[in-house]
Amino acid sequence: MSKPKLFSPGPINVTASTYEAMSAPMIGHRGKDFEELYADIQPKLQTVAKTTQPVYISTSSAWGVMEASIRNLVQKKVLNLCCGAFSDKWYDVAQRCGKNAEKIQAEWGQPIDPELVRAKLAEGGFDTVTLVHNETSTGVMNPLEEIIAVVKSFDDVLIVVDTVSSFSAVSVETEKLGIDCLLAGVQKALALPPGITIFSLSPAAVERTQSTPDRGYYFDFMEFVNNGAKNNTPSTPPITLIYGLQHKLNEILAEGLENRYARHEELNQMVTEWALKYGFEIFSPEGFRSKTLVTIANNLDIDVSLLVKTLREKHNFLINGGYGKVKGSTFRISNMGDETVETITELLDALDDVMPSIIAK
Ligand SMILES: *Cc1c(COP(=O)(O)O)cnc(C)c1O
């Protein structure tokens, strides 16, 4: 049976032209060909990431760099801002790294309240804060500027931001906001196959790293800084994926960032309106909703797994039946990557086709 087209929030659908770009001939990674590839990508990554600082490429999924940010940056104590599966897990990872960690826990579906961050940091002793910009498990988009402004009002506290499911789809002013470590895996908003994560560090983050002991090797930020200065990576990178990244960045810049943001907003609105039309509620409050996926609350009490299964069997589209503890009580539809009004319309028409049989149950 042919594989379904993915409308689940990561990994997402990868286009034929991306696969084609990835079939370019293999090159050695310690030579001029690779340095040229790296140097070509660098300013494009900086443009999309909105920073003049280098952007590094890690051979790992996002968790590699999420864990690395803890290992490299936390010396005293980290505050993990938790509001869903990925942000909650970051607190667990900080503890597993043997670091002092505290968390602020928002209810799933709710954003982080900047005033709670202020009150917690005022207790003192923190040197790092972690934030997931777009919590993919719940469809919450956190108030990035407000939270960072609070963090920046304290001295020597670094802010790490996960933009895995928002990078390139929503504007994030990395340098202007003063984000110390920005990271994004590529299998979500960037529409590449999984396997690499891009990240950028502020000068303050590099300085902090240098005095952190026991950083290991593979995820030592200084290895990325030193190799990056020579247009290279610490260890052998997945060159195939980097060809794919080059292709994607060319496409993104050809589309134009503003157009890309507007397209995601429009498609997101289409999916939201589809859900509201049936009387579903959106899981997250207005003003704090993701622009790259819609997490729909199952207030109609439908059989979500039957919906997912029927849509797949009848139309070969895959949506997601909810993540972790909100599986079944929510379901998720992605509008990340290369979707258009036409392709989202196809999906919503297919959903309209199957919904009567689901509601009748
Ligand atoms: C998917 C996701 C991750 C984890 O990514 P991996 O590629 O599985 O390591 C982290 N954060 C967010 C917001 C995600 O959506």
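E173 is partly exposed, with a relative accessible area of 25% (buried is under 20%, exposed over 50%, partly exposed in between; 1.4 Å probe, protein chains only). This is a predicted model: local features need pLDDT of at least 70 and side-chain atom pairs pLDDT 80 or more, while totals for chains, interfaces and linings use all residues. Residues are numbered from 1 along each chain as its sequence is written, and side-chain values use heavy atoms, without hydrogens or water.

**Ligand**

- The shell around the ligand holds S61, A62, W63, M66, F86, V132, N134, T136, D162, V164, Q187 and K188 (a heavy atom within 4 Å).
- By class, six shell residues are nonpolar, four polar and two charged (Gly counts as polar; Tyr, Cys and Pro as nonpolar).
- Helix α3 (residues 62–73) gives the most to this shell, with three residues (helices are DSSP runs of H or I, at least four residues; strands are E runs, at least two).
- A polar side-chain atom of D162 sits 2.6 Å from a ligand nitrogen (polar contacts are N or O pairs within 3.5 Å).
- Ligand oxygen atoms lie 2.7 Å from a polar side-chain atom of Q187 and 2.6 Å from one of K188.
- The protein covers 90% of the 390 Å² of accessible area that the ligand has on its own (Shrake-Rupley method, 1.4 Å probe).

**Helix α9**

- Six of the eight residues of α9 (residues 221–228) are buried, so the helix is largely enclosed by the rest of the structure.
- The buried ones are F221, M222, F224, V225, N227 and G228.
- They pack against α2 (32–49), β2 (55–58), α3, β9 (181–185), β10 (197–201) and α8 (203–210) (heavy atoms within 4.5 Å).
- At the start of α9, a side-chain oxygen of D220 comes within 2.9 Å of the M222 backbone nitrogen.

**Salt bridges**

- The count is 21 salt bridges (a Lys or Arg side-chain nitrogen within 4 Å of an Asp or Glu carboxyl oxygen).
- E173 pairs with K50 at 3.9 Å, N to O. The two are 123 residues apart, E173 in the loop between β8 (158–162) and α7 (174–177), K50 in the loop between α2 and β2. K50 is buried, at 18% relative accessibility.
- D338 pairs with K248 at 2.8 Å, N to O. D338 lies in the loop between β14 (330–334) and α13 (341–359), and K248 in helix α10 (residues 239–255), 90 residues apart. D338 is partly exposed at 24%, whereas K248 is buried at 1%.
- K77, E102, K120 and E123 form a salt-bridge network.

Key: A polar contact is a pair of N or O atoms within 3.5 Å; within protein, one must be able to donate a hydrogen and the other to accept it, and residues adjacent in sequence count only if both atoms are side-chain atoms.
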